[in-house]
Amino acid sequence: MANPTGWKPSMEKEAAGVDAGIVGLLGATRGLVMEEPLVFEQGSPGRIGVSLPPLPAGADAASELPAALLRGEIAGMPEMSELEVVRHFTRLSQWNWGIDTGFYPLGSCTMKYNPKSSEALARLPGFAGAHPLLPTSMSQGALELMWKLERALSEIAGFPASVMSPAAGAQGELVGLMMIRAYHVARGNPRHKVLIPDTAHGTNPASAAFNGYSTVQLPSGPDGRLHPETVAKAMDDDVAAIMITNPNTLGIFESHIAEIAEIVHARGGLVYGDGANFNALVGVARPGDMGFDVMQYNLHKTFATPHGGGGPGSGPVGVAECLVPFMPLPVVVKEGESYRLVTDPAERPQTVGKVREFWGNMGMFIRAWALIRELGPEGLRRVAELAVLNANYVRAELKGHYNLPYETDTLHEVVFDDKLQKEHGVTTMDVAKRLIDHGSHPPTVYFPLVVHGALMIEPTETESKETLDQFVAAMRAIAAEASADPEALKAAPQKPFRARLDETRAARKPVLRWTPGMKVE
Amino acid sequence: MNVPDDLKYTRDHEWARIQGNRITVGITDFAQDQLGDVVFVELPDVGDEVKKGETFGVVESTKAVSDLFAPVSGKVVEVNAPLVDAPETVNEDPYEEGWMIVIEASDPKELGELLDASAYRKFVEEEQE
C-alpha cells in the first residue's frame, strides 16, 4: 500500500548517507535524542519526588537538627517529580559515549572493554560493604586479596614489591619520584635533575617538578627511539633519575633500554618506568628485568578496570630492592596464615609516609585481581599479543591513506599524521570530527608532541576484526573525502546530538558555573 | 608565511625587534599558524630576569601547550598584559599587537647569534621537510 505522505524507506538511508558510504561505516545512523535543560531549569515550586508520612501534630522538624546545620533559605533548588528526575538522567546518559557503546581507539588511554564479571565480583556484598576502619581481624578477606594482587603484580612486572595505595597513574609517578628522592636523600644528596625524552607524557615532568627536580628533555632519534649516546651525554652525578615509557608514546619499543639503564646506574641514577603502556608487554617481557627500578601500573589500563569518567583509576607502583624501605604506608604483610596492615612508621622508619586515605582504590584491586585470575599467565600474554596485532592490522590497512611519520615497527598503538590531508586543507581535527559521523570515538589527536598533527590510534585487544575493518573503511572514506570534498569535513560532525563545538571559545571564555537567570545557549 | 625583514628570529620560532638594548619579543606567524587558536598566554612579571634559550612563559592552544624561549638574556621591562584577556591577538597580529615582552638586553653579543629573516625562512622550510 502506498504511503499517502510519499515517504519511502530509501529516504531514511539516503538522508543518513549510509548507502552512499559517506558516513556511518561503524553503524552510526540518525536517532531520536531528546533535548534536555539543566536540572535547575526544571520543576515547579512545591512539586516533590517522594511521599513522606505527615508530621505528627506539633512536631517541628527544624528543632530536631543542630542550629548550625539549618539554612535559613534555600534558593534555586529544583523541585521535581520522580519521573522528571529519572528522565533527566536517562536523557543525559543517551548523549554519552563509552566503550559499551562503540569503538574507542583513544591512543595512550587504552580504552579496552571492562568485563562485567569483574564488575559483578566487585559488587559482592562482602567487598562492597567492607569498611576501611574495620579491625584487620574482620578484614582478612580484603587484605588477602590486596596481598595476592601485590604478589601477582610484582611477579608480572619483575619487581620484589609493589606499593598499592596510589589512586591513579599520575599519583603513582609522583610516589615513584618521592621514593627516588628519599633514596638519594638517604645517601646524602637528593641531586637536582631528571632526564625525560621528548616523547614522554606531560605528567612525567610534572611529577619530577613536584619533587623539586628540574627536567632535562632528551631528543629521540630519527627512528623514534631514545639512543644510549643521547643519555650518556646528558648523564652526570647530578641526575637523580631518567623517566622512560616503554613502549614509548609512538608505540615504539625502546630497544636500547638495558644499555640506557646501565649508563644511568653507573652514575648512581635510578630508572623510572612509566607503565602507561605496560599493556603492550604484559605476560611477554618484564620491566624489572630491563633495568627499571620503579614503575607504576595503571590498573585501569592494562588490567581493564574502568576509567575515563567511570573510574576511579588505580596506580600501584612496583619497586626494586633499593627502594623497598621508602615505600609509603600502609603495606599488607602476611604473617603465618593471617594478614596485617603495617601503618606505624616506627616499623618502616624510612617510609615516605601516607599518600592516600585508607588503603587505595579497593574496588579496582578486586576487578584487576579478577581479570588476572580469569586470564592466567597465558591469557595475559594473549592480551599483549592481540593488542599489538590489532594495532598493526590498523597500521597496515591505513598505510598509504595516512602518512606514517616513523617507519619503525610499533607495538600496541600507531601514530599517523595529517601530512597527506593537509594538501587539501584538511587537518587532524577534521578527520577526528568526521569519525564521529561514522560512529567511532576519535583517536587521540595532537599527541605526542613530536609528531605535528598526530593521530594516535590504539584499538586494544578487546576489539574484533569486524570492528577494525569498519574503522579502517571509515578512515579510508575520510581520506577519500579529504581530496574530493574537503569542505564537508570542515562541517563535520553532522550526526551527533551536538555538532562541532566551538572549542576555542570554550577554552578562551569558559562558563564553569550556572547561576539563576543565566541564559544558557 | 609572513617573515618581516626588519626582525631577528630564534630556532624556537620567537621574533625579536631590536631597538638599542630594548628587545621586543613575540612568536612568529609560522608559530601561531602551527599552534592553531591560542587560548591562553602566561607571561613573566616586569623585573624578572630571563636567560637566553630558557623559558619565559607559556602559550597554550586548542592543540598544544608550548614554552616560550627568551631570544636574549636580560631583564623584563614591559609585558603585554592585555594578551592575558585577549589571547586571540597572538593569532591575529603576531608581529604588532601580539608582542609579548620587552627585554632590556644584558649582553649585546647575544644579538649577533639570532637568525635574520632569510635564515629563519630557510630554517622553517628545512623543518617542514
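## A covered strand and its surroundings

In chain A, strand β2 (residues 193-197) is mostly covered, with four of its five residues counted as buried. This description, like everything that follows, rests on a predicted model rather than on an experimental one.

**The partners of β2(A)**

- Strand β3 (residues 214-218) of chain A runs parallel to β2(A), and five bridges join the two strands.
- Within this pairing, A:Lys193 has A:Ser214 of β3(A) as its bridge partner.
- Together with helix α7 (residues 203-210) of chain A, the strands β2(A) and β3(A) make a β-α-β unit, and this unit is right-handed.
- β2(A) also pairs with strand β4 (residues 239-245) of chain A, again in the parallel sense, over three bridges.

**An open sheet of three strands in chain A**

- Three strands of chain A form an open sheet in the order β10-β12-β11, and their pairing is antiparallel.
- Because β10 (414-416) and β11 (444-445) of chain A stand at the edges and each has a single partner strand, one side of each is left without a neighbour in the sheet.
- Three bridges join β10(A) to strand β12 (residues 455-457) of chain A in the antiparallel sense, and in β12(A) the bridge partner of A:Phe416 is A:Leu455.

**The nonpolar cores**

- The largest nonpolar core holds 120 residues, of which A:Met179 and A:Val294 touch the most other members.
- Helix α12 (residues 362-398) of chain A gives the most to this core, contributing 15 residues.
- When neighbours within four places in sequence are left aside, A:Met179 is in contact with A:Val294, A:Val319, A:Leu323, A:Phe326, A:Met327 and A:Val352.
- A second, separate core has 30 residues, including B:Leu7, B:Val25, B:Val39 and B:Val50.
- As general background, nonpolar side chains tend to be buried together in soluble globular proteins.

**Chain A as a whole**

- The secondary structure of chain A comes to 17 helices and 12 strands, and the C-alpha trace spans about 85 × 80 × 45 Å along its principal axes.
- Of the 521 residues in chain A, 41% are buried.
- Among the contacts in chain A with a separation of 6 or more, 73% are between residues 24 or more positions apart.

**Chain B as a whole**

- Chain B has four helices and nine strands, which follow the pattern β-β-β-α-β-β-β-β-β-α-α-β-α when read along the sequence.
- The radius of gyration of chain B is 13 Å, close to the 14 Å that the globule rule gives for 129 residues, so chain B is as compact as a globular protein of that length.
- Along its principal axes, the C-alpha trace of chain B spans about 35 × 35 × 20 Å, and 37% of the 129 residues of this chain count as buried.
- Of the contacts in chain B between residues at least 6 apart in sequence, 64% join residues at least 24 apart.

**Where the two chains meet**

- Seven residues of chain A are in contact with eight residues of chain B.
- The side of chain A that touches chain B consists, by class, of three nonpolar, two polar and two charged residues.

Definitions and conventions
Residues are numbered from 1 along each chain as its sequence is written. Chains are lettered from A and ligands numbered from 1 in the order in which they are written. This is a predicted model: local features need pLDDT of at least 70, side-chain atom pairs count only at pLDDT 80 or more; totals for chains, interfaces and linings use all residues. Two residues are in contact if their C-beta atoms, placed from the backbone, lie within 7 Å. Ala, Val, Leu, Ile, Met, Phe, Trp, Tyr, Cys and Pro count as nonpolar, Asp, Glu, Lys and Arg as charged, and the others, Gly among them, as polar. A nonpolar core is a set of buried Ala, Val, Leu, Ile, Met, Phe, Trp, Tyr and Cys residues joined through C-beta atoms within 7 Å. A residue is buried if 20 or more other C-beta atoms lie within 10 Å of its own, exposed if 12 or fewer, and partly exposed in between; C-beta atoms are placed from the backbone. Two strands pair if DSSP finds at least two bridges between them. A crossover is right-handed if, with the strands pointing away from the viewer, the path from the first strand over the helix to the second runs clockwise. The radius of gyration is taken over C-alpha atoms; the globule rule is 2.2 Å times the number of residues to the power 0.38.
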